[in-house]
Amino acid sequence: MTPLPVPTRDPAAMLKTALLEWGGHSDLWVFGYGSLIWRPEFSFVEQRHATVHGWHRALKMWSRINRGTPDCPGLVFGMLSGGSCRGMVFRIQREHGHEAIHKLWQREMITGVYDPRWLDCHTPQGPVRALAFTLSRKSPSHTGVLSDEEYRRIFSKACGCFGTTLDYARLTRDELRRLGIHDRALERLLRLSQASDGMKE
């Protein structure tokens, strides 16, 4: 089994901060923009379409375990500053909030890569404040600008313990489509994968 990277920051301290900011006095809202949409792994009592302004979904985070390896890194989604992002918010009953946040930390924050933030989410039923996992461009896990050729190579080769980068991207695209959310940037990247088929060994 590939060992987990050593966290660059203390996930436990970041968890404590998130719990304090939530407060535990009301239901917990979580914003999903990638795999949380199609594999939330927590119980919720409501979900809504939601839009966040000031952040956008981007396939620009290195994955060296889940969707790639240290020798052939894959990619997963992060939320980068700028633009807007359509996704889903999930409401978790207050009494289950602590358990849900701990599960989220085990899934998303083992290496302390993301910056957890409480973001204002606009939904058809009104605004909610939800926990979201954002990515700094200063993070060593941020890819920076990748060429189309690099995306093709990654789609062709990168595979980790949870499967390929290509499957991950397609699953997200398919669920977004099912929900009536059209991510043009993701659609364009996946069209590149059609050209990557000839690169597979």
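A charge sits over a ring if NZ of Lys or CZ of Arg is within 6 Å of the ring centre and within 35 degrees of the ring normal. Keep that in mind for the first stop. The model is predicted.

**Stop 1: a charge over a ring**

Select R39 and F162. The charged end of R39 lies over the F162 ring, 5.6 Å from the ring's centre.

**Stop 2: aromatic rings**

Now show Phe, Tyr and Trp. The whole structure holds 9 aromatic pairs. Pick F44 and F90 from them. Their ring centres are 4.9 Å apart, and the planes meet at 65 degrees, so this pair is edge-to-face. The pair joins distant parts of the chain, 46 residues apart. F44 is in the loop between α2 (35-38) and β2 (46-63), while F90 belongs to strand β3 (residues 74-92). Colour the two by accessibility. F44 is partly exposed, at 31% relative accessibility. F90 is buried, with a relative accessible area of 1%.

Next, select W38, F77 and Y168. Ring pairs connect these residues into a cluster.

**Stop 3: the nonpolar core**

Which residues touch the most other members of the largest nonpolar core? Select F31, L59, M79 and W105: these are the ones, in a core of 62 residues. Then highlight β3. This strand gives the most to the core, with 10 residues.

**Stop 4**

Select C85 and C121. Why is there no disulfide between them? A disulfide needs cysteine sulfur atoms within 2.5 Å. A search of the whole structure finds 0 disulfides.

**Stop 5: T123**

Move to strand β4 (residues 115-123) and select T123. Is T123 buried or exposed? It is buried, because its relative accessible area is 11%, under the 20% limit. Follow the T123 side chain: it reaches the backbone oxygen of G126 at 2.5 Å. Finally, show what surrounds T123. Neighbours within four places in sequence aside, T123 is in contact with R48, H49, A50, V89 and V128.

Definitions and conventions
Residues are numbered from 1 along each chain as its sequence is written. This is a predicted model: local features need pLDDT of at least 70, side-chain atom pairs count only at pLDDT 80 or more; totals for chains, interfaces and linings use all residues. Side-chain values use heavy atoms; hydrogens and water are left out. Rings of Phe, Tyr and Trp (its six-membered ring) pair if their centres lie within 6.5 Å; planes under 30 degrees apart count as stacked, over 60 as edge-to-face and the rest as tilted. Helices (H or I, at least four residues) and strands (E, at least two) are DSSP runs, numbered from the N terminus. Buried means under 20% relative accessible area, exposed over 50%, partly exposed in between (1.4 Å probe, protein chains only). A nonpolar core is a set of buried Ala, Val, Leu, Ile, Met, Phe, Trp, Tyr and Cys residues joined through side-chain atoms within 4.5 Å. A polar contact is a pair of N or O atoms within 3.5 Å; within protein, one must be able to donate a hydrogen and the other to accept it, and residues adjacent in sequence count only if both atoms are side-chain atoms. Contact means heavy atoms within 4.5 Å.
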